[in-house]
Amino acid sequence: MLVERAAQSGVGPAQSSMNIKRGAVLALAVTVLTGALAACDASKPEVSANADADADAGASAARAANAGAERSDARGAASAVAIKLVAQDAGQSRAQVYESVRQMTALGKQLFFDPSLSGSGRLACASCHSPDHAFSPSNALSVQLGGADMHRTGMRAAPTLKYLQSVPAFAEHYHESDDEGDESVDAGPTGGLTWDGRVDRGSDQARIPLLSSFEMGSTPARVTAAVKAAPYADAFRAAFGEHIFDSEDATFKAVLQSLETFEQTPEVFYPYTSKYDAFLAGKAQLTQAELHGLQLFNDEQKGNCASCHISQRTKDGAPPQFSDFGLIAIGVPRNRALTVNRDPRFYDLGACGPERTDLGKRDEFCGIFRTPTLRNIALKKSFFHNGIYHSLDQVVRFYAERDTNPEKFYPAVKGKVQKFDDLPQRYWANLNTEAPFDRKPGEKPALDEAEIKDVVAFLQTLTDGYKVPAGPVNMSAEAAIPAVAVR
Ligand code: HEC
Ligand code: HEC
């Protein structure tokens, strides 16, 4: 059993029936429960994880969407964990199930902000995933500091944790459902969590930073001791049983599950309250610059951004996620500031390793990284998987001029520009060559400087927490949306 991507209709007409045939990742089990329960008792106050102040109209919209979530018997992933959790106490009423989701959400929130889980005692999930920055870092470091001495670094920028609920499970050959697009098209490698898509569930993901020697550097024993000593220890026992702390393994699993549950709180993690959402709903107008930016973003001959960062609603009316979740190689320059990159033989090759290990011998997966959502992108301070850029201008200029003016992005050795310096040449066939990456040196860039500015202005409309202006808006949003590129 699997539920479709629950909150996809956060703003706009709530679709009543969807037959989505793919496994949503984070939105799995618990959303099934919250969705079903919200449907049965929509008047109840929502779970109390208000880490973010965005919980206004959009939250109730997201909740309504959740309530509309329908089960489908399609293939795929698993509400196994939820079922198990529910079955922990077979014969639980809906109210009891609702209560246990509420408890896990509240616990997950406390765990998320608790540095005592880490080996150093100084690093919480929130240290790298700040709620004020859409759960991306509050500083502008390319990669965050961690480990026992808080001086170790990994190789990747910390992403936003918002809008992960609709990331599908990783698949080498991905087919959209007909409700969303064209089912016959093989979209290639798609989905999964982290930049290389190596895990499918929030609970499996949470294990990574907790145990990583350059992040939280903890152990199940340390985590158990911390939770046992935490102010929320009693709440933890109440949620998972009096004897939960007898088993480190069970405690650690309960921690992971609580974190996953917290990450699915709709009003915190997928509220759909951006200006662009209001615009799509006909409740706000974009400025000239923003509208022009949207046009350029969508135009196949210009930015062509929407071919990967989807900007229009799905066929069935769900709001856009600003990603098709595809894993793609775009040849981001090597970030020479990273410690790992001091070794000239070291390469972060994304899906083919070294962090991900199951596709290591598959050359066609070298250099590909999952397309991130662009929702709340203006709240981020470092961009791309290696955090090389620190402003949206730089990022958009990279797209526009990577091929026309490569010397602006890649270093030169003896006067020769070392294009794609972070991907060994034997993998260059994997690089994307569609617009805007379809030009040659000397040709006109896909976007000029004024156009880059407008695209950035548009990207700034994707930040949650927009206050819808009072009074009527004199314009039909659908009519104003320029033609959209479809891949
Ligand atoms: C030291 C900084 C740091 C800490 C602490 C940290 N993370 Fe992360 N997080 C990252 C980085 C870096 C990535 C990307 C990892 C990769 O691609 O290999 C990431 C990725 C993620 C993702 C996947 C996002 C996506 O786009 O697929 C989730 C979910 C997540 N972290 C949750 C957590 C949770 C829960 C905790 C606490 C248990 C946590 N993180 C602690 C840095 C951190
Ligand atoms: C062919 C697919 C594709 C197209 C077209 C595309 N992107 Fe991306 N985008 C990606 C991928 C993949 C990444 C991550 C790449 C990496 O880090 O290696 C990314 C990353 C980004 C990021 C950084 C996000 C973050 O969290 O670090 C921004 C901003 C962005 N794209 C904006 C745009 C804009 C603006 C356009 C159009 C000018 C565009 N993209 C066109 C696939 C695409």
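Trainee: By class, which residues make up the shell around ligand 1?

Mentor: Start with the classes. Ala, Val, Leu, Ile, Met, Phe, Trp, Tyr, Cys and Pro count as nonpolar; Asp, Glu, Lys and Arg count as charged; the others, Gly among them, count as polar. The shell around ligand 1 then has 14 nonpolar, eight polar and four charged residues. Bear in mind that this is a predicted model: local features need pLDDT of at least 70, side-chain atom pairs count only at pLDDT 80 or more, and totals for chains, interfaces and linings use all residues. Residues are numbered from 1 along each chain as its sequence is written, while chains are lettered from A and ligands numbered from 1 in the order in which they are written.

Trainee: Which of the 26 residues around ligand 1 come nearest?

Mentor: A residue is near a molecule or strand if its C-beta atom, placed from the backbone, lies within 6 Å of it. Cys125, Cys128, Thr194, Trp195 and Pro209 come nearest to ligand 1.

Trainee: Which helix gives the most to the shell around ligand 1?

Mentor: Helices (H or I, at least four residues) and strands (E, at least two) are DSSP runs, numbered from the N terminus. Helix α6 gives the most here, with five residues. Both α5 (125-128) and α6 (202-211) supply at least two residues each.

Trainee: Now ligand 2. Which residues are the closest?

Mentor: Among the 26 residues that surround ligand 2, the closest are Gly303, Cys305, Cys308, Phe384 and His385. The shell has 18 nonpolar, seven polar and one charged residues. Helix α13 (residues 392-401) provides the largest share, four residues.

Trainee: At what angle do α13 and α14 pack?

Mentor: Two packed helices are described by the angle between their axes and the distance between the axes. Axes are lines fitted to C-alpha atoms, for helices over the stretch in contact, and angles run from 0 to 180 degrees between N-to-C directions. For α13 and α14 the angle is about 125 degrees, with the axes 9 Å apart. The two helices are therefore oblique to each other. The cut-offs: under 35 degrees is roughly parallel, over 145 roughly antiparallel, 65 to 115 roughly perpendicular, and the rest oblique. Leu392, Asp393, Val396, Arg397 and Ala400 of α13 meet Ile452, Val455, Val456 and Leu459 of α14. That contact has seven nonpolar, no polar and two charged residues.

Trainee: How do α4 and α8 cross?

Mentor: The axes of α4 (residues 94-112) and α8 (residues 233-240) come within 10 Å and cross at roughly 150 degrees. So α4 is roughly antiparallel to α8. The contact joins Ser100, Gln103, Met104, Ala106 and Leu107 in α4 to Ala235, Phe236, Ala238 and Ala239 in α8. By class, seven of these residues are nonpolar, two polar and none charged.

Trainee: Which residues have a positive phi?

Mentor: Most residues other than glycine have a negative phi, and most peptide bonds are trans. Tyr272 has phi near 55 degrees, and Lys414 has phi near 50 degrees. Tyr272 lies in the loop between α10 (266-269) and α11 (275-280). Lys414 lies in the loop between β7 (412-413) and β8. Tyr272 is buried because 30 other C-beta atoms lie within 10 Å. Lys414 counts as exposed, because 4 C-beta neighbours lie inside 10 Å.

Trainee: Where is a cis peptide bond found?

Mentor: One joins Gly353 and Pro354, with omega about 5 degrees. Pro354 is in the loop between β5 (327-328) and β6 (369-370). Another joins Ala435 and Pro436, with omega also about 5 degrees. Pro436 is in the loop between β8 (416-417) and α14 (449-459).

Definitions and conventions
Two residues are in contact if their C-beta atoms, placed from the backbone, lie within 7 Å. A residue is buried if 20 or more other C-beta atoms lie within 10 Å of its own, exposed if 12 or fewer, and partly exposed in between; C-beta atoms are placed from the backbone.
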